[in-house]
Amino acid sequence: MTEFWELYKNGQWEVPFLTFSIYLFLAGSLILYLIIVASRNGKIKKERLSKEYSVVIDKVLSAVIFENISFAEVKKDKNFLVLFDTPFFREVLMESLINLHKNYEGIYAQKLEQFYKDSGLIKSSFRKLKSLKWEVKCKGITELAEFNIKEAFDQIIAYSKARKKTLKIVALNAAIKLEGTESIKYLVDHLDPIDDWMQLNIIGAFKKHDVGDREGIEHLLESQNTTVIALGLKLIKELKLTQKLPYVVQLADNTSNTVIKYKAQSLLQTLTA
Amino acid sequence: MTFFNTEITWFLDVYILLILGYAILIMSSYLMLAYISTKELRKYLKRNSFVDYDVLLTSEFAPKLSLIAPAYNEGLTIEENVKSLLSLNYNNYQVIVVNDGSKDNSMEILTKTYDLVLTDLDFHPQIETKKIRGIYTSRNAAFKKLIVVDKENGGKADALNVGLNIAQNPYVVCIDVDCILDKDSLLKLAKPFLESYGKRIIATGGVVRIANQCVIKNGRLVEVNVPDVMLSRIQVLEYLRAFLLGRMAWGKLDGLLLISGAFGAFDKEIAILSGGYSTKTVGEDMELIVRMRRYMLDNKLPYSVSYIPDPLCWTEAPEDFKIFKKQRSRWMRGTIETLSIHRRMFLNPKYKLLGMLSVPYWTLFEFLAPGIEFIGLIITAVFIIFGLLNWHFFFLLLFFVYSFAVLFSVIALYSEEKTYHKYPKQADFFKLLMAAFVEPFYFHPLTVYAALVGYKEKIMGTKGWGEMTRKGFTKKE
């Protein structure tokens, strides 16, 4: 540093500066090139492994679904056990399990849920909830909700109040899947505005998971937060909850907010037409 | 004589300092933007991996969009392109194709393919445009989303204004009809309009990529390839640098001055209140964004412009120099015109980041850079003639700039590799890497030359786009 300062003082800094910069740029390019090559090789390797693992996993899971094989029996295969210790194998297994679970219902889905619990994958999902990284938490929440682990509800609903919006949406989505209307009751006292994207996600979760119990949605109309009221009105409209019309009438009559009044009246028109 | 020598030495020193200072300023700003972009890109991808776009697809509360596709002499590809626009993954949208007085058989093809009939559409034009000859809709219920407007030729901006007048939805998506859109592009473009509370999102822009030599089937991109032709290949790299390393950062800083005319969504009300597209400039896409922003700032309305880094739109890049020169000189004219129209914003604190950073940046590094390079070249030539050039220093400086250009291209490749990984073939990666080494010697001088032509055209008062012939997408055999 002192040397550079001396050069600068003497007015002869340009050449050393340029030389140093050129070396720096070349070294930077070379390092990035090596990282790119390593990353590409890593991807190729992962792809190959994923294909190999998928063959094993498909065999195991089809045996679990169609041949009533339990995890205890699967464990007897030493090759499987060795692979099961590998994090990447567990990752691929979890992915396959989730994809299969999405495609099956009833007894087949229950068998997959049992496998999820017996294999200990459920523990890793719970562990993910404790991670400091929000994206890992999101993963854990998604997994637990997919396999209908109702015991996770309390932990999940806590994250629906998180500051990170994506985590909030993922948690709410999961909570709605697990406990329906119960998950959004706290929104009545919610102070911050809920933007349209989040509202759309909540409505989407109700539609997607075909939540049967819709008791309590009307409470959203009692909120002091206009965005929560708007959400309630949208939910009533999209889910065509005509039984909630008296609450909408009450809202239209009593609210002093003109936008909400207009929305409520327009909803009444739509649902009574 | 001694005095004269001292003067020359002083001039040389100042000249070197200025050149170096400018180079360092431009390089550090590029690196800074690249850093912000890369960081933001990773965050975006992380967030996006948990986004369920299906909620937009199935909801009646999804923003209602009107796609405006101006077409001029697109007969060769219009049938397939409109078909692909009609089959995008989105429910609440209509497609408005504006035939801008094409001289070819575009209108006949559209009428025949989509079974069009004249219709009496009730609309109240708010922007003045050229005369509309007729508005058509389809008799076939399968094409109920389609509206075709046949109008007198008035240029792209005029055609877009017709679309703005006719659009029935609160958001308009302006696209080039010959672009290939990703099937989910509208879902991604619409989402930001829902996300902001208390701040109005006035526009969202997506990333445009080069589709030359990619495989297109039924209006969809099915295989990504890197072009063999060097000019278009380097443009792949150039677009990566611009969209992945530049605009993403400007988006984060909320200082984006340009949303590509090839693909962008706008809040119709604000676009119309700002006056719509200007027909007085060839850089109508940039000018509209600047004007909309200026409108919001002048009226003290909280707003934001959003940027989606996903590769949503694929376009054809010029493969021969003549067309490339036309395109780039037009871009330069557009930049000059926009900066000149909005010169009051330059270093004006009233316009916040836009006035204090975005506009000065564009002035210094986009508008003036080619001119500065040209002047530098002339001065260097004079030094050579008079034997004043320090060859050692000259080559060192040249290599300094060259090595930075290579580094910056490699950063773009790194960013692409770590994010979208759209070029998985090894051969394609090496083609792009080779392009990074060739670019400063081959492509950069061409862009500078084209920009200088743009300066000249602006001085000479050239108006309009000129004929832009496209080859159409070709499949790699």
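For a chain of 477 residues, a compact globule would come out with a radius of gyration near 23 Å, and chain B has 23 Å, so the two agree. Keep in mind that this is a predicted model. Of its 477 residues, 46% count as buried. Take the contacts in chain B between residues at least 6 apart in sequence: 80% of them join residues at least 24 apart.

As for what chain B is built from, there are 14 helices and 12 strands. Ten of the strands, written as 10 in the order S3-S4-S5-S2-S1-S6-S11-S8-S12-S7, make up an open sheet of chain B with mixed pairing. Strands S3 (116-118) and S7 (180-181) of chain B sit at the edges with a single partner strand each, so one side of each has no neighbour in the sheet. Further in, strand S8 (residues 200-210) and strand S11 (residues 263-267) of chain B run antiparallel and are joined by three bridges. B:Thr204, for instance, has B:Ala265 in S11(B) as its bridge partner. Helix H3 (residues 78-86) of chain B lies across strands S1 (65-71), S2 (93-100), S5 (146-151) and S7 of chain B, and runs at about 160° to S2(B).

Then there is the contact between the chains, which takes 31 residues from chain A and 34 residues from chain B. On the chain A side, the elements giving two or more residues include helix H2 (14-66) and helix H8 (134-146) of chain A. H2(A) supplies the largest share of that side, 16 residues. By type, the chain A side splits into 15 nonpolar, eight polar and eight charged residues.

Conventions. Residues are numbered from 1 along each chain as its sequence is written. Chains are lettered from A and ligands numbered from 1 in the order in which they are written. This is a predicted model: local features need pLDDT of at least 70, side-chain atom pairs count only at pLDDT 80 or more; totals for chains, interfaces and linings use all residues. Two strands pair if DSSP finds at least two bridges between them. Helices (H or I, at least four residues) and strands (E, at least two) are DSSP runs, numbered from the N terminus. Two residues are in contact if their C-beta atoms, placed from the backbone, lie within 7 Å. Axes are lines fitted to C-alpha atoms, for helices over the stretch in contact, and angles run from 0 to 180 degrees between N-to-C directions. Ala, Val, Leu, Ile, Met, Phe, Trp, Tyr, Cys and Pro count as nonpolar, Asp, Glu, Lys and Arg as charged, and the others, Gly among them, as polar. The radius of gyration is taken over C-alpha atoms; the globule rule is 2.2 Å times the number of residues to the power 0.38. A residue is buried if 20 or more other C-beta atoms lie within 10 Å of its own, exposed if 12 or fewer, and partly exposed in between; C-beta atoms are placed from the backbone.
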